[in-house]
Amino acid sequence: MGFLRTLPWLRPAALGIAALALLIWYVFWFRALEPRRGTLEWISLVDRTGFPAAQALPIRGKGWLALALAALLGAGNCLLRMDTVYLASMAYAGLSALSAAAVCGLLLQIYGQPLSALCATVLFLAAGVSSPILPAALWLFFLGMSARRLWPGLLPAVPALVLLTVCLGTGAGMLLLLPGVLALYVLCGCLRKGGSVWSIAAASLVLLLMMFAAVLGSAMLFQLPAGIDPVQALALLPSLANWTPALPLGWNGPLLLAGSAAVVLLVQAARRQDTRALLGGLLGLLCLVPLFYGIPEAAHLGCVLALGGTFAAAEPRGVRPGLLATAGVLLVCILCF
């Protein structure tokens with residue numbers, strides 16, 4: 001593989017093949033999701049009263065098997081990328097295993113399809129070894145957004161904010177991601193039945209204050225001068241938002257092309273009023289934003305969240321061969337890039 005990467009035409013070829021594979025998959029996907037002839041499935045497209053409330057699906061049976069396989073693949077991916085494996089390397093392998101399990105678990109609780117979750121996780125691992133902090137934080141946020149009651153849903157936000165401040169610190173990366181999370185929380189609150197406007201507004205305000213406190217606390221610990229008090233820190237916070245857009249060096253082109261699946265999911269959400277497709281598409285777009293702040297792992301995660309949504313929607317329609325073929329082609333292209 002190292003010799004192949006020295007070929008000048010390899011990366012453009014990988015990008016072209018990945019784009020063609022995704023285009024074929026989207027055409028195949030839209031056709032697979034059309035109502036079958038001779039059935040009454042078309043009624044589900046007409047008889048819609050609105051988006052249902054967000055709900056985290058339970059992990060059962062094959063889902064636990066997919067989680068275990070994802071963790072093993074994550075550890076193996078980390079060890080195979082090392083030139084020499086020492087006893088201390090097992091700690092890094094464990095973190096990689098946690099990262100893969102967090103991605104797979106998030107996909108399982110959003111979409112509920114084990115094969116699709118595992119395939120998307122493999123694509124995420126192929127782009128490199130990443131920290132488990134960001135997928136774990138997004139998983140906690142999703143559990144909070146999909147909670148049955150509004151106020152208990154704020155509890156997972158506390159550890160999620162702690163993880164995000166550790167992962168992203170402060171500055172533009174944090175300031176770009178948190179408003180999107182807040183908007184998704186408000187959206188899920190509006191979709192929840194039985195919630196009043198005032199209750200949603202109050203809970204959203206509490207979440208906003210928690211986010212502000214997390215950014216301020218992280219800035220005082222890591223980025224602002226030592227010994228500064230909170231009042232002085234408030235005056236310096238705007239300086240943390242200085243941002244010059246720039247693509248990072250470690251981005252993976254074929255995997256980023258899969259981020260186009262977010263638009264496909266949003267089209268599906270509009271056609272069928274599908275809350276899972278709506279959240280998957282919005283999470284995918286949200287995670288793509290930090291790419292321009294030098295955080296490719298977040299963008300890669302957003303791409304697999306979106307692409308995994310298309311896999312999960314098509315899997316019950318009997319198109320597993322096409323799903324596996326698309327995932328296989330993308331895997332080869334990601335490894336070649």
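In this predicted model, helix α3 (residues 62-80) and helix α5 (residues 114-126) have axes that come within 9 Å and cross at roughly 10°. That angle makes α3 roughly parallel to α5, a label for angles under 35 degrees. Local features need pLDDT of at least 70, side-chain atom pairs count only at pLDDT 80 or more, and totals for chains, interfaces and linings use all residues. Residues are numbered from 1 along each chain as its sequence is written, and side-chain values use heavy atoms, with hydrogens and water left out.

**Helix α3 and its partners**
- Contact (heavy atoms within 4.5 Å) between α3 and α5 involves, among others, Ala66, Leu69 and Leu73 of α3 and Leu118, Val122 and Leu125 of α5.
- Helices are DSSP runs of H or I with at least four residues, numbered from the N terminus.
- Axes are lines fitted to C-alpha atoms, for helices over the stretch in contact, and angles run from 0 to 180 degrees between N-to-C directions.
- α3 also packs with α4, at an angle of about 145° and with the axes 7 Å apart.
- Residues at this contact include Gly63, Ala70 and Gly74 of α3 and Ala93, Ala97 and Gly105 of α4.

**Helices α4 and α14**
- The axes of α4 (residues 89-111) and α14 (residues 296-314) come within 10 Å and cross at roughly 40°.

**Helix α1**
- Leu20 lies in helix α1 (residues 10-33).
- Leu20, Leu23, Ile24 and Val27 make a nonpolar surface patch of about 390 Å².
- Patch residues have over 30% relative accessible area (Shrake-Rupley method, 1.4 Å probe, only the protein chains shown counting as cover) and no salt bridge (a Lys or Arg side-chain nitrogen within 4 Å of an Asp or Glu carboxyl oxygen); like charges are joined within 9 Å and nonpolar side chains (Val, Leu, Ile, Met, Phe, Trp, Tyr) within 5 Å.

Conventions: Helix = DSSP H or I, 4+ residues; strand = E, 2+ residues; numbered from the N terminus. Parallel < 35°, antiparallel > 145°, perpendicular 65-115°, else oblique.
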